[in-house]
Structure formats: C-alpha cells, structure tokens
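Hello,

Here is the structure I promised to pass on to you. Have a look at it first, and then read on for my notes.

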Amino acid sequence: MKKSNFFFRAFDLYYEGFKNMTLGKTLWAVIIIKLFIIFVVLKLFFFPNFINEKAEKGQEAQFVGKQLVDRAE
C-alpha cells in the first residue's frame, strides 16, 4: 500500500493518536460504558417488546396497522 494514500494516512493518524493516549483511553472507556448503559440496560428495563406481547404470532404487521388506524380516528 502506498504511504501517500489518503486512507492509509487517515488510518495512521488515528492509530498513532490512540496509541499515544493516556487520559484519552480512560475517557473512551467511560464513553463505551455509558453507551452500553443507554442502549442495553435502558432497553431491557424501560422499553419492553410491546408488539410481541400483544400481537399473535405472525400477525405483527396487522396489529401495528390496526393500532395506527385506531389512533388516527
């Protein structure tokens, strides 16, 4: 690969930057933990799978359509 390639230079910029980080690694760890909490823990406890609980097996699309029509009236 040519070292003057844009993608190689961009990759090298980030690779060298992350390799030489000290405080940044800790901050990235905090960011990843927060994203895990937001997307996994909150989904499990606050956003149940309502459609699978209320609709019959294989009739999910009809259930959603009926709910949309009923709410529009």
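How many residues apart in helix 4 are Asp70 and Lys66, and about how many helical turns separate them? The two are 4 residues apart in helix 4, so about one helical turn lies between them. Before going further, please keep in mind that this is a predicted model.

**Salt bridges**

The side chains of Asp70 and Lys66 meet in a salt bridge, at 2.9 Å from N to O. Asp70 is partly exposed, as its relative accessible area is 36%. The structure holds 2 salt bridges, and Lys19 and Glu16 also meet through their side chains in one, at 3.5 Å from N to O. Both of these residues lie in helix 1, where they are 3 residues apart, about one turn of the helix. Lys19 is partly exposed, with a relative accessible area of 45%, and Glu16 is partly exposed too, at 30%.

**Aromatic pairs**

The count of aromatic pairs comes to 5. One of them is formed by Tyr14 and Phe18: this pair is stacked, with 6.5 Å centre to centre and 25° between the planes. Planes under 30 degrees apart count as stacked, so the 25° of this pair puts it in that class. Tyr14 and Phe18 are 4 residues apart in helix 1, which covers residues 6-19, so about one helical turn separates them. Tyr14 is exposed, with a relative accessible area of 55%, whereas Phe18 is partly exposed at 36%.

Another pair is made by Phe50 and Phe63, which are tilted, at 6.4 Å centre to centre and with 45° between the planes. Phe50 lies in helix 3 (residues 50-54) and Phe63 in helix 4 (residues 60-72), so this pair ties together parts that are 13 residues apart in sequence. Phe50 is partly exposed, with a relative accessible area of 43%, while Phe63 counts as buried because its relative accessibility is 17%, and buried means under 20%.

There is also an aromatic cluster, formed by Tyr14, Phe18 and Trp28.

**A residue in helix 2**

Ile32 lies in helix 2, which spans residues 23-46. Is Ile32 buried or exposed? Its relative accessibility is 55%, so Ile32 counts as exposed. Along the chain, Ile32 and Val64 are 32 residues apart, and their C-alpha atoms are separated by 34 Å.

Best wishes

Conventions: Residues are numbered from 1 along each chain as its sequence is written. This is a predicted model: local features need pLDDT of at least 70, side-chain atom pairs count only at pLDDT 80 or more; totals for chains, interfaces and linings use all residues. Side-chain values use heavy atoms; hydrogens and water are left out. Rings of Phe, Tyr and Trp (its six-membered ring) pair if their centres lie within 6.5 Å; planes under 30 degrees apart count as stacked, over 60 as edge-to-face and the rest as tilted. Buried means under 20% relative accessible area, exposed over 50%, partly exposed in between (1.4 Å probe, protein chains only). A salt bridge is a side-chain nitrogen of Lys or Arg within 4 Å of a carboxyl oxygen of Asp or Glu.
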